[in-house]
Amino acid sequence: MVSRRHFLLSSLALIGARGAWANAPTTSLRPHARREAVRVSTADGLKGVLRRAALPGKVACAVADVETGLRLEAENGAAGLPPASVAKALTSLYALDVLGADHRFQTKVIATGGLRGGVIQGDLILVGGGDPTLSTDHLAQMAKALKSAGVREVKGGFKLWDGALPYVRSIDPDQPDHVGYSPAISGLSLNYNRVHFEWKRAGQKWAVTMDARTEKYRPEVSTARMKVVTRTTPVYTYSDKGGADQWTVANAALGKGGSRWLPVRRPAEYTGDVFRTMARANGIVLGKPRKLKSLPKGEVLAQHSSAALSVLLRGMLKYSNNLMAEMIGMSASAASGRRPNSLKASADSMNRWAAGKYGMTSTRLVDHSGLGEKSRMSPNDLVGALIAARKGGQLKPLLKPFLMRDANGKVNKNHPIKVNAKTGTLNFVSGLGGFMTAADGTELAFAIFAADQGARSRIKRADRERPEGARGWNRKAKKMQQKLIERWGSVYGS
């Protein structure tokens, strides 16, 4: 007897990869019922699933067998749509290929002029190495290491070098100023380039703090300042004045108290500000930091190494951290040749790499995180890259499980289909790409992109954090994704 899956794959293979991809089956026989089978109606095929989803905008998707590489079916498979954070999967492959899984980012403290009698004869320089995970705790450890090395005084100045990466004021300038997911970028960054704003009611006014907190430390900062003003809207305003991020907040929005993380627009100065506080706590008084245009030679007195790149990527994909994606992607571009002078230039380097490595000729990303609205990726492109990456064993271990749900929307831990994938969500944009394993063990690579560009174009910049209708649209998109996965598991996993 010949299994149904073997019959499908063998028949499609006779047509040829290109023909099977362009003329995907539109009808399929219902698979034989099994105890673990997902019951999905396949009478009217892929188009029927998309029609019933009734999702406004455009949908593009593709699926392929991982073992054979055979393309099984697609809808608008060659169409380029915004991938949102699914782009981070490609950034991960790029970084692994260029930097290597064991790469670690280094942040150093160096001294010029030597150390004599506890006194640094020249300057003390905090040198950024593009570490996207540098935290206040790490700065405290380096300041303590300086004390252990015998440093008591600095004869010269306190300098900063952030030239490992270009400065970018905001990952996506079209986002509102106050959203923490679009901070600035530089080679010297701290706490994901976010500052903690907290307010508490104090009589008829509010007490506010701006600090670089972790669980262990809460150093207040001078490079980000907040002023409460009497108004209803806008909730926040931002300006760059006096060498600091100057914020105002509407008193009508504060209530009795609360907190949120705000983006940092001067990351090097912010990092220097916090390191200065940590050094002072260890008896080392530093002057106001000044940025350097070039890095002089000096003796390394303290340094911090990040976790291995593979560990960083797992966290980046799990939490979909935009800053990590951009800094890691730009570091890969810098390591592959000339240091990029902008985020788009770095993304262009990755696009060229993806076209050469995986044949992704329809992919045009403008950043490494997927936040930029002009980024485009096709399902065909991503599926091809996923199949190649799976054979290399690189990406799947880093992807988090995508939880399937029951008819009531609750997580179904016993669902027979298992999925490891990268999600992507923007306003009226939803993406999902990765690997699924059907009940019979068949492994498929898939990509699903959906976008309502018309709805996106009508959103005002100030409303992009929570625009009307976006959450409902995205919920429908996620339900459609599960229906597609269940169809593929039922049809091609039988």
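A charge sits over a ring if NZ of Lys or CZ of Arg is within 6 Å of the ring centre and within 35 degrees of the ring normal. The model is predicted.

**Charges over rings**
- Lys291 lies over the face of Tyr167, and the distance to the ring centre is 5.9 Å.

**Aromatic pairs**
- The structure holds nine aromatic pairs.
- One of them joins Phe197 and Tyr236: the ring centres are 6.4 Å apart and the planes stand at 80°, so the pair is edge-to-face.
- Phe197 belongs to strand 9 (residues 194–202) and Tyr236 to strand 12 (residues 236–241), so the pair ties together parts 39 residues apart in sequence.
- Phe197 is buried, at 0% relative accessible area.
- Tyr236 also counts as buried, at 14% relative accessibility.
- A cluster linked by ring pairs takes in Phe197, Trp199, Tyr236, Tyr238 and Trp247.

- Three strands make an open sheet with mixed pairing, in the order 4-5-7.
- Strand 4 (115–116) and strand 7 (153–154) stand at the edges with a single partner strand each, so one side of each has no neighbour in the sheet.
- Strand 5 (residues 119–120) pairs with strand 7 in the parallel sense, over two bridges.
- Ile120 stands opposite Val154 of strand 7.

How values were computed. Residues are numbered from 1 along each chain as its sequence is written. This is a predicted model: local features need pLDDT of at least 70, side-chain atom pairs count only at pLDDT 80 or more; totals for chains, interfaces and linings use all residues. Side-chain values use heavy atoms; hydrogens and water are left out. Two strands pair if DSSP finds at least two bridges between them. Helices (H or I, at least four residues) and strands (E, at least two) are DSSP runs, numbered from the N terminus. Rings of Phe, Tyr and Trp (its six-membered ring) pair if their centres lie within 6.5 Å; planes under 30 degrees apart count as stacked, over 60 as edge-to-face and the rest as tilted. Buried means under 20% relative accessible area, exposed over 50%, partly exposed in between (1.4 Å probe, protein chains only).
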